[in-house]
Amino acid sequence: MGSVIQHMSRPNRIVSNARQAIAATIFLAVTMAGVAGAAPNLPETVPLPGQRPAGAAGDAARANKSACQKKLKALGVGFSPQPPVVEGGGCAIERPVLVERLAPGIALEPPALVNCATAETAARFARDIVAPAAKEHLGAGLVSVRQSSGYVCRPRNGTKKLSEHAFGNALDISGFVLADERTIPVAASGNRAVRDFLREVRGAACGPFKTVLGPGSNADHAHHFHFDLAKRRNGATYCR
Ligand SMILES: [Zn+2]
């Protein structure tokens with residue numbers, strides 16, 4: 001059973017985990033009903049000797065959730081936690097967040113639904129890489145990042161394998177809005193300063209993001225950067 005689970009793809013594993021959780025809940029309910037029948041005065045809050053508190057797994061999940069979301073708060077990200085996403089075909093986000101601001105003074109437009117790790121990486125990218133590069137190359141602050149895809153339940157173009165977008169693990173960025181109201185689209189440009197700016201942010205994105213695609217990668221990415229956190233062996237990146 002263990003090895004079967006190990007070889008399952010991620011969505012199946014999530015479904016399988018959910019089934020196990022449901023089975024465990026039913027078992028626990030039946031067990032507790034039995035206990036309650038035998039000893040009706042047993043206080044609900046005192047676990048039986050050796051018994052794990054019923055909420056331990058849930059508590060761990062909540063602690064994990066708040067650890068990442070606490071980081072978002074510390075970074076000044078504007079977001080709201082959303083209910084888990086589970087869609088047919090294996091698309092899922094366990095703890096999604098809807099992000100509308102990447103950092104104080106830097107909006108994400110329109111707001112994007114992503115997983116917390118993607119939100120954190122995008123926030124650091126905007127604050128530490130894009131904003132300083134905009135000042136350096138274009139002489140203006142960054143006020144907004146335009147996105148064209150966060151969570152989308154779909155396969156990768158031309159394949160049956162689910163896209164990282166289907167896990168909220170990817171963000172497509174189509175442009176940057178500056179404090180002087182210029183919009184810098186992600187596309188081939190004849191302007192040298194714009195080219196330098198886009199080249200710098202694209203290069204620096206590779207590392208924090210594990211996949212970086214954009215104009216020149218292929219026809220699908222002529223007008224946006226695709227950034228994702230796909231896990232590869234030894235944390236390898238794929239940047240083209
Ligand atoms: Zn994409």
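**Exercise 1. Find out where this predicted model has pLDDT under 50, and how many contacts those stretches have.**

*Solution.* Start with residues 21-54: pLDDT stays under 50 there, and the model has four contacts for them beyond four places in sequence. Then look at residues 1-19, where pLDDT is below 50 and the stretch has eight contacts beyond near neighbours in sequence. Finally, remember how to treat such stretches: where pLDDT is low, predicted coordinates should not be read in detail.

**Exercise 2. Decide whether helices H4 and H5 are roughly parallel or roughly antiparallel.**

*Solution.* First locate the two helices: H4 covers residues 116-138 and H5 covers residues 192-205. They pack with their axes 9 Å apart, at an angle of about 160°. Angles over 145 degrees count as roughly antiparallel, so H4 is roughly antiparallel to H5. To complete the picture, the crossing of H4 and H5 is right-handed.

**Exercise 3. Describe which residues form the contact of H4 with H5.**

*Solution.* On the H4 side, list Phe125, Ile129, Val130, Ala133, Ala134, His137 and Leu138. On the H5 side, they meet Ala193, Asp196, Phe197, Glu200, Val201, Ala204 and Ala205. Now sort the residues of this contact: 11 are nonpolar, one is polar and two are charged.

Key
Residues numbered from 1 in each chain as written. Predicted model: local features only at pLDDT ≥ 70, side-chain atom pairs only at ≥ 80, totals over all residues. Axes fitted to C-alpha atoms, helices over the stretch in contact; angles between N-to-C directions. Helix = DSSP H or I, 4+ residues; strand = E, 2+ residues; numbered from the N terminus. Parallel < 35°, antiparallel > 145°, perpendicular 65-115°, else oblique. Left-handed = near helix turned anticlockwise from the far one by under 90°. Contact = placed C-beta atoms within 7 Å. Nonpolar A, V, L, I, M, F, W, Y, C, P; charged D, E, K, R; others polar. pLDDT = per-residue confidence, 0-100.
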